[in-house]
Amino acid sequence: MSARLLNLMGPIRDFGRFPDNYDIGLPGGNEVGIGLVIGLIAIPIGFLICKASSDKDGSVFGCLGVLLIIGGIIALLPLLAWICALGSALYVIGTVVVAIIVILALIFGSKK
């Protein structure tokens with residue numbers, strides 16, 4: 001039992017201190033930065049290619065422009081992972097704050 005417990009606590013070393021590069025499962029800042037640069041360049045260029053290659057009614061897009069837009073969106077996925085993690089953390093914090101406010105209102109609001 002104690003050997004299994006030590007295996008579960010593998011990332012924690014040095015008597016409870018976390019290592020400097022603790023992996024939380026999100027992409028690193030370098031990946032996010034590169035994806036942001038690629039996305040911010042590829043999406044407008046793809047949009048301009050689509051607009052330039054369309055007919056007068058604007059219904060036909062150029063294949064290269066669409067591929068650039070899709071590639072730019074895919075390059076922005078690491079940033080989306082951080083945004084979703086931040087949003088879920090803020091949601092949990094907000095839920096806890098609202099629950100505390102409701103509990104305090106029920107305790108102190110019923111006395112007249």
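Of the contacts in the chain with a separation of 6 or more, 55% join residues 24 or more positions apart. A contact here means heavy atoms within 4.5 Å. This is a predicted model, in which local features need pLDDT of at least 70, side-chain atom pairs count only at pLDDT 80 or more, and totals for chains, interfaces and linings use all residues. Residues are numbered from 1 along each chain as its sequence is written, and side-chain values use heavy atoms, with hydrogens and water left out.

The chain has 4 helices and 0 strands. From the N terminus, the order is α-α-α-α. Helices (H or I, at least four residues) and strands (E, at least two) are DSSP runs, numbered from the N terminus.

Confidence comes next. The predictor's confidence in each residue is pLDDT, on a scale from 0 to 100. The chain averages 78, and 69% of the residues score at least 70. Helix α1 (residues 2-8) has the lowest mean pLDDT among the elements, at 52. Helix α4 (residues 77-109) has the highest, at 92. Where pLDDT is low, the predicted coordinates should not be read in detail.

Now the surface. The chain exposes about 9,200 Å² of accessible surface, and carbon and sulfur atoms hold 74% of that. Such areas come from the Shrake-Rupley method with a 1.4 Å probe; for residues, only the protein chains shown count as cover. Of the 112 residues in the chain, 11% are buried. Buried means under 20% relative accessible area, exposed over 50%, and partly exposed in between (1.4 Å probe, protein chains only).

Cys50 counts as buried because its relative accessibility is 3%. Cys84 has a relative accessible area of 46%, so this residue is partly exposed. The disulfide count is 0, where a disulfide is a pair of cysteine sulfur atoms within 2.5 Å.

Leu76 touches Gly35, Leu36, Gly39 and Ile43, leaving aside residues up to four places away in sequence. Val37 is 39 residues from Leu76 in sequence, yet the C-alpha atoms are 8.8 Å apart. Ile73 sits in helix α3. Ile73 is partly exposed because its relative accessible area is 47%. Leu36 is 37 residues from Ile73 in sequence and 9.5 Å away, C-alpha to C-alpha.

Finish on helix α4, where Tyr91 lies. With a relative accessible area of 61%, Tyr91 is exposed.
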